[in-house]
Amino acid sequence: MQRWPYGIIGLTSAGLGLAAGHALASLVNPASSPIVAVGAVFIDLTPPWLKDFAGAAFGTADKLVLLIGIGVVVAALAFGAGLLARRSPRAGIVATAALALLPTIAALSRPGAGVVDALPGLLAGVVGAGALTLQRRTLETPRSTSPGGEGGLDRRRFIVATAGTAVGSGILASLGGSAAPSAVTPVVLPPLPSTEPAIPGGLEAMAPGISPLRTPTKDFYRIDIALSPPRIDPAEWKLTIDGLVGKPLTISWDELLAMPMIERDITLTCVSNPIGGDLCGSTRWRGVRVADLLRRADPRPGADMVLSSSPDGFSASTPLAVLLDGRDAMIAIAMDGEPLTSIHGAPARLLTPGLYGFVGATKWLTRLKVTTFAEDKAYWTTRGWSEEGPVKTSARIDTPRQAAKVGEVIIGGVAWATHRGVSAVEVQVDDGPWLPATLGPDVGVDYWRQWYLRWQATPGQHRLAARAYDTDGRPQEEAIRAVAPDGATGYHRVGINVT
Ligand SMILES: Nc1nc2c(c(=O)[nH]1)N[C@H]1C(S)=C(S)[C@@H](COP(=O)(O)O)O[C@H]1N2
Ligand SMILES: [Mo]
């Protein structure tokens with residue numbers, strides 16, 4: 001008989017195994033799903049140069065590319081295992097089972113993994129090997145209807161077997177998908193003692209194309225090392241504050257909610273945001289001041305850093321002095337008036353105005369260890385990124401980006417110098433003078449500032465550039481530097497075609 005049907009049954013068998021593993025993982029621990037576990041290990045092992053290339057911290061798109069890559073490799077291996085089964089049934093079974101060993105080991109090697117995390121991978125192996133055996137038997141049963149056809153492919157049997165297996169996989173996989181989100185207790189936000197004035201209307205009404213003053217949560221960028229966000233039930237969530245403290249403490253969700261809450265407008269930026277990039281968002285955050293909790297724990301003299309960490313294996317090093325200097329660093333539980341969503345760190349995350357996310361915004365926060373920079377290193381620091389990360393002053397041109405019509409054109413965008421505040425933005429067209437832009441509403445030093453300039457556009461190619469100043473009057477850096485190790489510099493420049 002031809003070879004390819006064996007490859008196909010290898011594929012469908014592995015698919016059924018993975019789907020069974022995935023369905024079981026949704027009951028045990030979504031992070032132990034065979035595909036997710038392999039992806040997570042891959043992210044950990046990725047060398048820093050490749051991470052620079054992939055956008056440093058993996059963004060949403062990088063994760064998809066990674067998952068597709070893993071899928072292609074796994075499919076090729078499964079096809080190969082099917083081909084082996086043609087020569088020797090036992091070799092095919094051994095190969096399929098061996099394939100399942102990789103995700104099993106991967107799931108076990110994740111931080112905080114327990115024995116149950118091995119079950120989805122093991123189930124995938126058993127189901128995959130079993131499906132291969134059954135499909136091979138079906139394929140090799142002699143045809144009864146057409147004498148003389150022995151040794152050839154019985155298409156009907158083949159299609160029934162493989163389609164049946166594929167449908168089974170689909171059902172199991174969707175069972176896994178739909179079983180996933182139910183476990184978490186819904187969050188009810190406590191009422192605020194006082195309400196901040198609403199964020200004013202922004203320039204986006206006047207000039208569509210300028211980023212809205214407040215970023216809708218659905219459009220807020222997402223960066224993290226977690227392939228599937230850790231699902232933490234608030235009822236079981238705990239935050240431990242320990243290390244160099246006089247009074248180590250652990251608080252529950254209800255205890256956190258009982259503490260005084262603040263609500264502040266803060267811009268969050270990723271260190272891997274390239275000049276002109278969109279890994280920056282601004283909204284209203286609600287939470288408990290980190291300083292209140294740190295003071296309760298009583299940091300010892302000599303401590304200079306807080307290492308915050310989460311179940312995805314991430315950690316961030318925030319200078320202790322920054323968390324205690326009076327800025328609105330908080331343990332946030334809500335953004336834009338709603339409880340944090342899963343991908344943005346539910347139920348609670350750290351947020352430190354003025355610092356890039358990788359050093360001050362740990363999502364799914366479960367521990368604050370008071371320590372020293374000499375003693376402890378954060379996740380990205382051990383991978384070649386900086387120990388500290390104050391946000392660099394930066395202006396972004398949102399509109400126009402490529403083309404414009406002759407006549408009056410609004411050049412506009414946003415600029416940030418988080419925790420110092422933006423005092424001015426200037427725009428240059430071609431080799432002309434730097435012209436002052438008009439600034440949008442002032443929401444505070446921790447928030448970005450919208451800006452625009454009216455320009456009489458003439459036909460042809462033009463070059464636009466923008467630069468921002470912080471409230472100390474310091475202009476942003478002109479020298480072009482890459483995002484690693486501590487944030488990109490250079491002016492945002494765009495070429496546009498006016499017709
Ligand atoms: N647990 C955890 N927290 C994390 C990260 C992570 O990988 N894991 N990434 C950090 C980085 S690099 C950034 S820029 C911000 C992004 O937060 P957002 O996804 O809510 O925009 O989260 C930070 N907090
Ligand atoms: Mo980041």
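User: Where is Thr399 placed?
Analyst: This is a predicted model, in which local features need pLDDT of at least 70 and side-chain atom pairs count only at pLDDT 80 or more, while totals for chains, interfaces and linings use all residues. Residues are numbered from 1 along each chain as its sequence is written, chains are lettered from A and ligands numbered from 1 in the order in which they are written, and side-chain values use heavy atoms, leaving out hydrogens and water. Helices (H or I, at least four residues) and strands (E, at least two) are DSSP runs, numbered from the N terminus. On that basis, Thr399 belongs to strand β11 (residues 394–399).

User: Is Thr399 buried or exposed?
Analyst: Buried means under 20% relative accessible area, exposed over 50%, and partly exposed in between (1.4 Å probe, protein chains only). Thr399 has a relative accessible area of 16%, so it counts as buried.

User: Which residues does Thr399 contact, leaving aside neighbours within four places in sequence?
Analyst: Contact means heavy atoms within 4.5 Å. Once the neighbours within four places are set aside, the partners of Thr399 are Pro208, Gly209, Ile210, Ile410, Ile411 and Gly412.

User: How many helices and strands does the protein have?
Analyst: The C-alpha trace spans about 90 × 70 × 40 Å along its principal axes. Of the 499 residues, 52% count as buried. The secondary structure comes to eleven helices and 19 strands.

User: At what angle do the axes of α5 and α6 cross?
Analyst: Two packed helices are described by the angle between their axes and the distance between the axes. Axes are lines fitted to C-alpha atoms, for helices over the stretch in contact, and angles run from 0 to 180 degrees between N-to-C directions. The axes of α5 (residues 89–108) and α6 (residues 119–140) come within 8 Å and cross at roughly 160°.

User: Is α5 roughly parallel or roughly antiparallel to α6?
Analyst: Angles under 35 degrees count as roughly parallel, over 145 as roughly antiparallel, 65 to 115 as roughly perpendicular and the rest as oblique. The axes cross at roughly 160°. That makes the pair roughly antiparallel.

User: Which residues of α6 does α5 meet?
Analyst: The α5 side consists of Pro89, Gly92, Ile93, Thr96, Ala100 and Thr104. These meet, in α6, Gly121, Leu122, Ala124, Gly125, Gly128, Ala129, Leu132, Thr133 and Arg136.

User: How many salt bridges does the structure hold?
Analyst: A salt bridge is a side-chain nitrogen of Lys or Arg within 4 Å of a carboxyl oxygen of Asp or Glu. Glu196, Arg264, Arg289 and Asp328 are linked in a network of them. The number of salt bridges in the structure is 25.

User: How far apart in sequence are the parts that Arg264 and Asp328 tie together?
Analyst: The two side chains meet in a salt bridge (3.0 Å, N to O). Arg264 lies in strand β3 (residues 262–269) and Asp328 in the loop between α10 (320–324) and β7 (330–335), so the parts tied together are apart by 64 residues.

User: Are Asp265 and Arg284 buried or exposed?
Analyst: Asp265 forms a salt bridge with Arg284, with the closest N and O atoms 2.7 Å apart. Asp265 is in strand β3 and Arg284 in strand β4 (residues 280–289), 19 residues apart. Both Asp265 and Arg284 are buried.

User: What is the phi of His419?
Analyst: His419 is found in the loop between β13 (407–416) and β14 (422–429). His419 is partly exposed, at 28% relative accessible area. Although His419 is not a glycine, its phi is positive, at about 80°.
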